[in-house]
Amino acid sequence: METENVENEKSVSQQEEGEQQNSELVEVLSQQPEGTTLEDVTSIHTYQIAICPFRGVSSKSTIVDESEDFPEPVDPLERLLTEEVPIESKRSFVEIYVGECRKYGVTPLRYVCEILEDGEQNSDQTVDIDLNRIGCSNLQVQIILDCLVMACPERINDLNLSHNLLMNVPLAVSLANLLQLAQRIVHLDLSHSSLGDDEVALTLVEALANSAVRRLNLSHCHLNDSSGMGLFKSLSLSFNIEEIDVSWNRLEHLTGVAAGTFLSANSTIQELNLAGNFLYLEKECIVPFLKELAKNESLRKLNLSWNALRGTLFSPALYKAMTTSGLKVLNLEMNCLRSEEATSLLKAFRKCEVLEDIYLGGNFFSEDEVKELVKAFGRNPNMKLLSLGEYQFVNKVAGRLSKRFMKRDPTKSIIYQGVLLSNPPRPVDVPEMLLDRCRFLGFKPKKKKRKRDLGHLMLQLQKLENPLLEREDFIAMVKKFRIKLDKSLLGALMDAFAERKLVDSAAMAVKYLGKYPTELPPEKPKKAKKKRKKNGNGAAVGKRSEKAKK
């Protein structure tokens with residue numbers, strides 16, 4: 001019933017509209033001059049109504065048209081495709097880059113323009129982007145990365161942004177977009193950048209998880225412990241990563257545990273650099289890391305230098321990791337390894353079948369422990385290099401053993417600075433050293449009148465009837481001689497020649513004159529008295545008399 005009422009209302013409204021149109025036509029026809037017909041009026045006042053091509057039609061509606069020519073339906077998509085839309089002229093990548101630089105008030109770089117132009121002309125070659133030490137700001141690098149995303153993201157092989165102290169959130173987002181699109185980037189170098197912000201680090205970490213990067217360098221990037229943990233957790237999902245360098249950051253126990261979990265799950269990693277961090281906690285960090293390392297078979301190079309590693313729990317964990325993993329190169333330089341760790345290393349040297357190179361410089365091994373390490377290294381046929389430190393001196397026995405093993409097997413090499421000889425050092429003569437200092441201070445003044453020869457004072461002391469002097473008397477003689485000596489030096493000199501709380505001046509004179517023989521100074525000639533002139537009265541005339549006359 002409701003539908004019928006609606007249809008009746010529509011029909012009534014249509015009739016009213018038709019009547020209004022007829023009345024309008026009658027009024028227009030009455031206003032026209034004589035001779036005009038209805039067809040002329042309708043042709044004049046005919047309007048074209050634009051109907052949307054995407055307008056739908058109800059399934060209940062019907063089309064009633066008695067005309068013979070019924071138009072065929074037109075597909076709106078075809079009509080949009082056939083329409084000619086004015087298209088702007090296509091700009092080159094260099095023009096886009098220069099336009100963006102001018103938009104933000106940044107100077108365009110010729111090096112980047114050459115890369116973009118070369119990438120546009122040679123669409124088959126790979127591109128290496130090297131912005132190392134170029135001195136760009138965050139905005140400049142962000143514009144460059146955005147242009148590379150448009151120009152040639154699929155052909156970038158190497159991206160180097162090191163030594164620029166860059167990185168903020170917008171730049172991290174641009175770099176993350178590039179890493180997602182450029183799935184051929186093999187080497188990414190961000191060393192010496194500022195990744196201390198958690199938001200920046202999180203943005204890059206999420207992008208690295210889905211990228212194709214094989215070699216990643218994040219050294220000297222101010223990474224904190226939570227950022228390092230997030231990095232290794234995200235990289236555990238990567239099946240492309242082969243080399244990771246996170247040296248000289250602020251990584252602690254959370255990163256150590258996450259790195260161990262990463263090693264136990266990943267099968268593509270070959271090189272890991274953790275030097276210069278804070279991984280010294282045994283139970284919380286380094287021991288869990290080494291236990292997980294023992295399960296890895298792909299890692300070949302591991303750098304744990306400058307981490308202050310030591311401890312009773314660390315030694316057995318290190319032994320197990322060296323003997324069960326596939327490590328070929330192990331760096332343990334500049335740690336706190338002592339006798340406990342030396343015993344574990346000796347056992348590992350005798351049992352290792354894969355390890356080839358090991359670096360142990362800068363630790364606290366004794367001479368006997370160094371000798372035993374050299375012996376164990378020389379008897380292992382698989383090991384090729386033992387570094388005791390570029391500035392480390394070894395004893396004579398260890399030096400002979402090293403030369404013997406290197407001569408027997410030329411493929412072996414042992415690194416050290418030199419050999420300590422068995423000759424004892426020359427003893428230091430303290431009294432002689434003090435007298436030399438006093439002699440130097442005597443000749444130090446620039447003016448000749450103030451210079452004093454200490455040998456003349458020694459000659460005076462040699463002539464004394466009683467050579468044992470009180471300390472006050474000796475100080476008085478030095479002051480009378482007018483030689484400037486420091487109080488501390490003078491006190492040390494009296495202590496060096498002390499004899500029962502007295503100063504043995506004779507022994508002092510013999511010591512000095514035996515090394516510096518001195519002659520007595522020549523006596524100064526006496527000045528002759530000048531004869532004064534006499535006046536006529538027989539009185540002497542001098543300067544005073546002349547002044548009096550004046």
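**Group meeting: a walk through the predicted model**

Of the 550 residues in the protein chain, 38% count as buried. Keep in mind that this is a predicted model. The secondary structure comes to 21 helices and 18 strands. Of the contacts with a separation of 6 or more, 79% are between residues 24 or more positions apart. The chain exposes about 36000 Å², and carbon and sulfur atoms supply 52% of that area.

I will start with the salt bridges. A search of the whole structure finds 5 of them, and I will go through some.

Asp-429 forms a salt bridge with Lys-511, with the closest N and O atoms 2.7 Å apart. Asp-429 lies in the loop between strand E13 and helix H16, and Lys-511 lies in helix H20, so this pair ties together parts that are 82 residues apart in sequence. Asp-429 is partly exposed, at 29% relative accessibility, and Lys-511 is partly exposed as well, at 33%.

Next, Lys-515 and Glu-432. Their side chains meet in a salt bridge, at 2.7 Å from N to O. Lys-515 is in H20 and Glu-432 is in H16, so the pair ties together parts 83 residues apart in sequence. The relative accessible area is 38% for Lys-515, which is partly exposed; Glu-432 is also partly exposed, at 26%.

Lys-515 has another partner, Asp-436, with 2.9 Å from N to O. This pair again links distant parts of the chain, Asp-436 in H16 and Lys-515 in H20, 79 residues apart. Asp-436 is partly exposed, with a relative accessible area of 24%.

Now the cysteines. How many disulfides does the structure hold? The count is 0. The cut-off for a disulfide is 2.5 Å between the sulfur atoms. Cys-147 also has its closest cysteine sulfur in Cys-101, at 6.8 Å, and that is too far for a bond too. Cys-136 is buried, at 6% relative accessibility, and Cys-147 is buried, at 4%.

Next, helix H13, residues 339–351. It has 13 residues and reaches 19 Å from its first C-alpha to its last, close to the 18 Å expected. Which residues of H13 are buried? They are Glu-341, Ala-342, Ser-344, Leu-345, Leu-346, Ala-348 and Phe-349. What covers them includes helices H12 and H14 and strands E9 and E10.

Val-112 sits in helix H5, residues 110–121, and is buried, with a relative accessible area of 4%. Leaving out residues up to four places away in sequence, Val-112 touches Tyr-97 and Ile-144. The C-alpha atoms of Val-112 and Val-94 are separated by 8.5 Å, and the two residues are 18 apart along the chain.

Last, the surface. Trp-248, Trp-306 and Met-334 form a nonpolar patch there, with about 330 Å² of accessible area together. Trp-306 lies in the loop between strand E7 and H12. Is Trp-306 buried or partly exposed? Trp-306 is partly exposed, because its relative accessible area is 47%.

Methods: Residues numbered from 1 in each chain as written. Predicted model: local features only at pLDDT ≥ 70, side-chain atom pairs only at ≥ 80, totals over all residues. Heavy atoms only, no water. Helix = DSSP H or I, 4+ residues; strand = E, 2+ residues; numbered from the N terminus. Buried < 20%, exposed > 50% of the residue type's maximum accessible area, 1.4 Å probe, protein only. Contact = heavy atoms within 4.5 Å. Expected span 1.5 Å × (residues − 1). Patch = residues over 30% accessible without salt bridge, like charges linked within 9 Å, V, L, I, M, F, W, Y side chains within 5 Å. Areas by Shrake-Rupley, 256 points an atom, 1.4 Å probe, with all protein chains shown as cover. Salt bridge = Lys/Arg side-chain N within 4 Å of Asp/Glu carboxyl O.
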